[in-house]
Every structure is written in structure tokens, then in C-alpha cells.
Amino acid sequence: MIKSYKFRRTLANTVIYIILAVLGIIWVSPLAYLVIQSFSADPGAVPQTLLPETYGFQNYVRLFTETESLNFPRWYLNTFVVACFSCVISTISVLMVAYAFSRLRFKSRKKFINIGMILGMFPGFMTMIAIYYLLKAMGLTQTLVALVICYSAGAGLGFQISKGFFDTIPRALDEAATIDGANKNQIFWKIILPMSKPIVVYTVLTAFIGPWTDFILAKIIMGDKIDNYTVAIGLQKMLDNDHLDKWFKRFLSGSVLVAVPVTLLFLKMQNYYVEGVTAGGVKG
């Protein structure tokens with residue numbers, strides 16, 4: 001009986017591992033192809049074989065040197081600037097809203113929390129046309145400032161996970177600081193935030209990744225202002241029929257470069273990221 005149970009368990013685990021391995025290969029294969037082909041030095045604009053015959057950095061060099069028609073370095077810088085400003089504003093906004101809902105008790109607090117959660121259920125693209133016409137009325141269309149405003153203005157609605165994390169911090173610390181003469185602002189900046197590195201890292205990562213990878217909103221706002229494109233729009237531009245034959249390999253190289261900052265950030269902060277997600281998932 002025991003041997004039969006062990007055999008069934010071993011067989012089940014083997015099948016599960018085989019399925020997971022196959023799914024892992026399917027998921028990794030396109031990424032591996034993209035990275036490998038980005039170093040291809042074979043003649044021709046579009047790869048003709050699964051693996052290149054020769055390798056080199058020509059595609060990366062040409063991506064940053066041949067900028068007459070498609071200026072990838074400018075797009076990369078645009079995206080980096082927008083992502084950094086949006087990240088800072090969004091992070092501060094989210095953490096302050098989360099702290100207010102976690103620690104302060106005021107009239108209609110529960111209603112505001114429920115409204116924020118309900119609004120967060122609606123997909124962002126539903127408001128894009130309205131946002132475009134509002135920006136047009138203010139003369140901000142086709143500008144990087146408009147992107148920063150759009151990415152950071154509503155960031156405070158994503159307070160739920162941060163609030164859950166702040167709820168785990170003992171209120172006794174706030175009370176002790178209040179007795180010592182600290183106000184709410186000092187408690188937030190000098191006591192709560194230094195103890196909240198996991199949720200701060202989580203918020204920074206999510207606030208940076210959104211603007212860095214967004215395509216739809218940036219495309220609507222920028223229109224045909226090619227100098228203010230972000231990398232997402234620029235990479236899509238490389239796949240147009242007018243540029244595909246010449247730029248496909250450089251598109252692969254650009255895609256790799258887009259993944260580099262996010263990958264490095266995640267690898268550096270992944271421990272805090274996981275801790276922030278799990279600690280912020282408690283009911284508050």
C-alpha cells in the first residue's frame with residue numbers, strides 16, 4: 001500500500017515537472033530568440049535562420065549612431081525622464097494616501113476607500129479620449145509633461161497594498177512619537193517610511209515599470225510628434241512597412257535594451273518586492 005502510494009506520488013510529480021518544463025521552454029524561447037538574434041551579424045535585415053552564423057554588436061552600435069530617420073537614443077532618454085519623474089511623484093502620492101487611510105480617522109474615510117477601489121476596477125483606456133481632449137484644451141498634447149501628469153495624477157488610487165503594509169506597523173510607535181511631540185508629518189517621514197523599505201521598493205518598481213513600458217496612452221498623446229516618442233512607440237515605428245526591412249534587427253536590440261533597466265531594478269530589489277507584496281496583502 002505504501003509502495004503504491006509512493007509510486008503514484010512520484011508519477012504525479014514527474015508529470016507535473018514535465019508539464020512545467022515544457023511551459024517554461026515555451027515561455028523562454030521567444031525571449032531567448034530575441035536576445036540571440038539581437039547580436040546577429042549575418043547579412044540581411046531580417047534573420048533567415050533560427051540561430052545566427054556570426055555574432056557582433058553591430059545592431060546595438062547602429063541603433064545609437066544611425067539616428068537620421070529614427071532617433072532611438074532620443075526616445076530612450078524621453079522614456080527614462082518620464083519614468084523617473086512619474087516614479088517619484090507616484091511613489092510619494094501612493095505612500096501618503098496609504099498612510100492617511102491607514103492611520104487617520106476622519107469623516108467618510110470608508111466611503112473614500114470604497115470609491116478608490118471601485119474606480120480602480122475600471123480599465124484605464126476608458127478615459128484616454130477624455131484625457132486627450134483635456135490636455136488639448138490646456139495645450140499640453142504631444143509633450144513629455146503631459147505623460148508625467150497622466151502617469152502620476154491618479155497614482156494615489158493604487159493605495160490598497162501600501163495601506164495593508166502600514167496597517168501591520170504597530171500604532172504604539174505613532175503614540176510614542178506623539179507623546180514626544182512629533183506631528184503626523186514627522187511620524188510619516190521619520191518613523192513610518194524608514195521602517196517601510198519593502199513597500200517603498202514595491203511602489204517604486206511598479207511606478208517605474210508602468211511609464212517605461214506603456215504604449216497606448218503615449219501613442220494617443222504624442223500623435224505624430226516623433227521627437228517626443230517613447231521607446232514603446234519607437235519600437236512599434238520600426239516595424240512599419242517603411243522601416244521593417246532595414247530596422248528589424250535593431251528593433252530586437254532596442255527591445256533588449258528596454259528590458260535592461262527593469263530587469264536590473266528587479267534583480268536588485270526582488271527580496272524587498274516579494275516582502276512588500278506579501279506584507280501588504282493583509283486585511284486592514
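At 26% relative accessibility, glutamate 66 counts as partly exposed, a class that lies between buried, meaning under 20% relative accessible area, and exposed, meaning over 50%, with a 1.4 Å probe and protein chains only. Arginine 62, at 31% relative accessibility, is likewise partly exposed, and its side chain meets that of glutamate 66 in a salt bridge of 3.3 Å, N to O; the term salt bridge stands for a side-chain nitrogen of Lys or Arg within 4 Å of a carboxyl oxygen of Asp or Glu. Arg62 and Glu66 also belong, together with Arg250, to a network of salt bridges. This is a predicted model, in which local features need pLDDT of at least 70 and side-chain atom pairs count only at pLDDT 80 or more, while totals for chains, interfaces and linings use all residues. Residues are numbered from 1 along each chain as its sequence is written, and side-chain values use heavy atoms, with hydrogens and water left out.

Across the whole structure, a search finds five salt bridges. One of them joins the side chains of aspartate 174 and arginine 103 at 3.0 Å, N to O. This pair links distant parts of the chain, since aspartate 174 sits in helix α8 (residues 171-179) and arginine 103 in helix α3, 71 residues apart; helices here are DSSP runs of H or I with at least four residues, numbered from the N terminus. Both aspartate 174 and arginine 103 are buried. Another salt bridge is formed by aspartate 167 and lysine 163, whose closest N and O atoms are 2.9 Å apart, and both of these residues lie in helix α7, four residues apart, or about one turn of the helix. Within this pair, aspartate 167 is partly exposed because its relative accessibility is 25%, whereas lysine 163 is buried because its value is 8%.

Helix α7 (residues 160-167) also takes part in a helix pairing: its axis and that of α10 come within 10 Å and cross at roughly 175°, where axes are lines fitted to C-alpha atoms, for helices over the stretch in contact, and angles run from 0 to 180 degrees between N-to-C directions. The two helices α7 and α10 are therefore roughly antiparallel to each other, the word used for angles over 145 degrees. The contact is made by Ile161, Ser162, Phe165 and Phe166 of α7 and by Pro198, Ile199, Tyr202 and Thr203 of α10, contact meaning heavy atoms within 4.5 Å.

In helix α3 lies threonine 79, which counts as buried because its relative accessibility is 0%. Not counting residues up to four places away in sequence, threonine 79 touches Pro211, Trp212, Thr230 and Val231.

Isoleucine 226, in the loop between α11 and α12 (231-238), is partly exposed, with a relative accessible area of 30%. Leaving aside neighbours within four places in sequence, isoleucine 226 is in contact with Ser69, Leu70, Trp75 and Lys237, while its C-alpha atom is separated by 20 Å from that of isoleucine 129, 97 residues apart along the chain. Serine 108, placed in the loop between α3 and α4 (109-120), has a phi near 65°, a positive value in a residue other than glycine, and at 30% relative accessibility serine 108 counts as partly exposed. Glutamine 142, in the loop between α5 and α6, has a positive phi of about 65° although it is not a glycine, and its 27% relative accessibility makes glutamine 142 partly exposed.

Isoleucine 26 is found in α1 (residues 2-38) and is exposed because its relative accessibility is 54%.

Note on methods. Parallel < 35°, antiparallel > 145°, perpendicular 65-115°, else oblique.
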